[in-house]
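This report is meant for a reader who is meeting the structure for the first time. Please keep the sequence and the model in view while reading.

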Amino acid sequence: MKLADAKPGDIMQDVGGAVWLRGTDAAVCLHDPADRRSGDHSSLAADPMAIEEAEKFGPFVRLVPEKETP
């Protein structure tokens, strides 16, 4: 799916395995497995990136499914 189709607050994963948080106007990469500082090495989240710019890392998959409405 496209990051632009996700809702603010959605946790997404890109094709490279990086984990993203979709905000209102931007997205931030919380974990990039290609970054050797990730995980136990105290990697900090990257700077927020415009949704349109972050799309180049997609397609994305929502990690936490949407709640079904009864």
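Met-49 counts as buried because its relative accessibility is 19%, where buried means under 20% relative accessible area, exposed means over 50%, and partly exposed lies in between (1.4 Å probe, protein chains only). This is a predicted model, in which local features need pLDDT of at least 70 and side-chain atom pairs count only at pLDDT 80 or more, while totals for chains, interfaces and linings use all residues. Residues are numbered from 1 along each chain as its sequence is written, and side-chain values use heavy atoms, with hydrogens and water left out.

Met-49 belongs to strand E4; strands (E, at least two residues) and helices (H or I, at least four) are DSSP runs numbered from the N terminus. Leaving out residues up to four places away in sequence, Met-49 touches Trp-20, Ala-26, Ala-27, Ala-54 and Phe-57, a contact being heavy atoms within 4.5 Å.

## The nonpolar core

Which residues make up the largest nonpolar core? It has eleven residues, namely Leu-3, Ala-6, Met-12, Ala-18, Trp-20, Ala-27, Cys-29, Met-49, Ile-51, Ala-54 and Phe-60; such a core is a set of buried Ala, Val, Leu, Ile, Met, Phe, Trp, Tyr and Cys residues joined through side-chain atoms within 4.5 Å. Strand E3 (26-31) and helix H1 (51-54) each supply at least two residues of this core. Ala-27, for its part, touches Leu-3, Trp-20, Leu-21, Arg-22, Asp-47, Pro-48, Met-49, Ile-51 and Ala-54, again not counting residues up to four places away in sequence.

## The sheet

Five strands form an open sheet in the order E4-E3-E2-E1-E5, with antiparallel pairing, where two strands pair if DSSP finds at least two bridges between them. At the edges are strand E4 (49-50) and strand E5 (61-62), each of which pairs on one side only. Strand E2 (residues 19-22) is joined to E3 by four bridges, the two running antiparallel, and Leu-21 stands opposite Val-28 in E3. E1 and E2 also pair in the antiparallel sense, over three bridges, with Val-19 in E2 as the bridge partner of Gln-13.

Both of these pairs are hairpins: E2 and E3 have three residues between them, whereas E1 and E2 have five, and Gly-17 in that turn has a positive phi of about 90 degrees. His-31, in strand E3, counts as partly exposed because its relative accessibility is 31%.

Two residue pairs can be set side by side by their separations.

| Pair | Apart in sequence | C-alpha to C-alpha |
|---|---|---|
| Met-49 and Val-28 | 21 residues | 6.1 Å |
| His-31 and Trp-20 | eleven residues | 7.2 Å |

Asp-14 sits in the loop between strand E1 (11-13) and E2. Is this residue buried or exposed? Asp-14 is buried yet has no salt bridge, and the nearest side chain of opposite charge, Lys-56, is 11 Å away; a salt bridge is a side-chain nitrogen of Lys or Arg within 4 Å of a carboxyl oxygen of Asp or Glu, and in assigning charge Lys and Arg count as positive and Asp and Glu as negative, with His and the chain ends not counted. A polar atom of the Asp-14 side chain does lie 2.8 Å from the backbone nitrogen of Gly-16. Apart from neighbours within four places in sequence, Asp-14 is in contact with Trp-20, Phe-57, Pro-59 and Phe-60.

Most peptide bonds are trans.

Methods
Polar contact = N/O pair within 3.5 Å; in protein donor to acceptor, adjacent residues only side chain to side chain.
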